[in-house]
Amino acid sequence: MKLSPENPLSAAPEIETSHAEEFVEQLRCVTDTLPSRINIDAQSVEQGLAKLVLTLIEFIRRLLEKQAVRRMEGGDLSPEQIEELGLALMRLEAKLQELKTQFGLAEEDLNLDLGPIGRLI
Amino acid sequence: MKLYVYCLAEGVDALPEPVNGVSGAPVRLLKTEDLSVLVSDLNADAVPVTRENALGHAAVVRSILDRTTPLPFRFGTLVTEQQLRNYVAARKPALETKLALVRGCVEMSVKIIWELSGIEQPEPVESDQDNKQGAGATFLTEKRREILGGELMEEEAADISTWLHETVGGLIRSEQVSLRPAEKLVLSAAHLVERDKIRQYREKISEARKDRPKLHFLLSGPWPPYSFANIELEFKTPFGVS
């Protein structure tokens, strides 16, 4: 099928930006998070499993935090309950930080790319 | 021997010029069910993910873009000829619907970076009560501030997305938008634009970006419609993994 004259197409794609270096840096960050190949060895399987489990815990932890803040804002918690809830969530955050360090995972590692619907966190 | 599959197209009877694809393999046209598929014969079970192979895949898909709008396959699709023929036969109505969607169009891409520090965050408000509260309550107060800040960023990002849609809405047939309010690269949009509207689309974006001087834009294209074709075109055995 030939293109009709009213349907022209320029020969090559053009890229327009006045902040090329900034975009290169950001796009490199995105591609660096994509695994080029799945390595099936004991170490990577263990770390991969830890990453998945900790991501889910992190997701639930953030939900709990939001729920706690909403309840605090709603005024249905006594000062003692707020303190207790805050301390529990603080310890959970510290424990998760400890586990991340143990498995060599950074903050940005705890996420899942869900494709077209975006990221989990 | 397997077939490496680049893209599927309608109305192509011959390749415009000889072109080499992944691993330098020659490309040929396979006709099936009134459709044309660009393939290479490869004696391999998987294709290495290298810069050369990625560019080779893109060059082959690109080679017919000035004649028709192909549906690109995912990089690394390696199947037998029978699998490919069965796949096309089984999904012909869906493939024709996809081809109708992209017909006469190309993909244009807009990426936007924002300065996260430029988003106003709620200031911490200290009161006598805060000074008296314990570590747990202070922790929750700080979390509240973070959550409110996150919500503000989500609203701001959604506002940018709406603004972009309203800017080019009349010129696009379809769009795929990814919003990431917590990241610097806050928005990535793929727009399906009719070929005769590309210039108008570019002008519209160039004009509109003046309204948002704090945002950094990257506009690129025309590209084959990668964002509008791949998902439903996946084989169950991508990357040659059985």
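This note comments on the predicted model of chains A and B.

1. Basis of the model. Residues are numbered from 1 along each chain as its sequence is written, with chains lettered from A and ligands numbered from 1 in the order in which they are written. In this predicted model, local features need pLDDT of at least 70 and side-chain atom pairs count only at pLDDT 80 or more, whereas totals for chains, interfaces and linings use all residues.

2. Chain B overall. Chain B contains six helices and nine strands (DSSP runs numbered from the N terminus: helices are H or I, at least four residues; strands are E, at least two). Of its 242 residues, 34% are buried, that is, have 20 or more other C-beta atoms, placed from the backbone, within 10 Å of their own.

3. The A–B interface. In chain B, 34 residues are in contact with 36 residues of chain A (C-beta atoms, placed from the backbone, within 7 Å). On the chain B side, β6 (105-113), α5 (135-168) and β9 (216-223) each supply at least two residues.

4. Pairing across the chains. Strand β1 (residues 14-16) of chain A pairs with β9(B) in the antiparallel sense over three bridges; pairing requires at least two bridges found by DSSP. Within β9(B), B:G221 stands opposite A:E14.

5. Nonpolar cores. A core is a set of buried Ala, Val, Leu, Ile, Met, Phe, Trp, Tyr and Cys residues joined through C-beta atoms within 7 Å. The largest has 51 residues, of which B:V5, B:Y6 and B:C7 touch the most other members. Domain 1 (2-103) and domain 2 (106-226) of chain B both contribute residues, so this core lies between them; the bounds come from an automatic or database domain assignment. Another core, of eight residues, lies apart from it and includes A:I82, A:L89, B:A137 and B:F139.

Technical notes. Two residues are in contact if their C-beta atoms, placed from the backbone, lie within 7 Å. A residue is buried if 20 or more other C-beta atoms lie within 10 Å of its own, exposed if 12 or fewer, and partly exposed in between; C-beta atoms are placed from the backbone.
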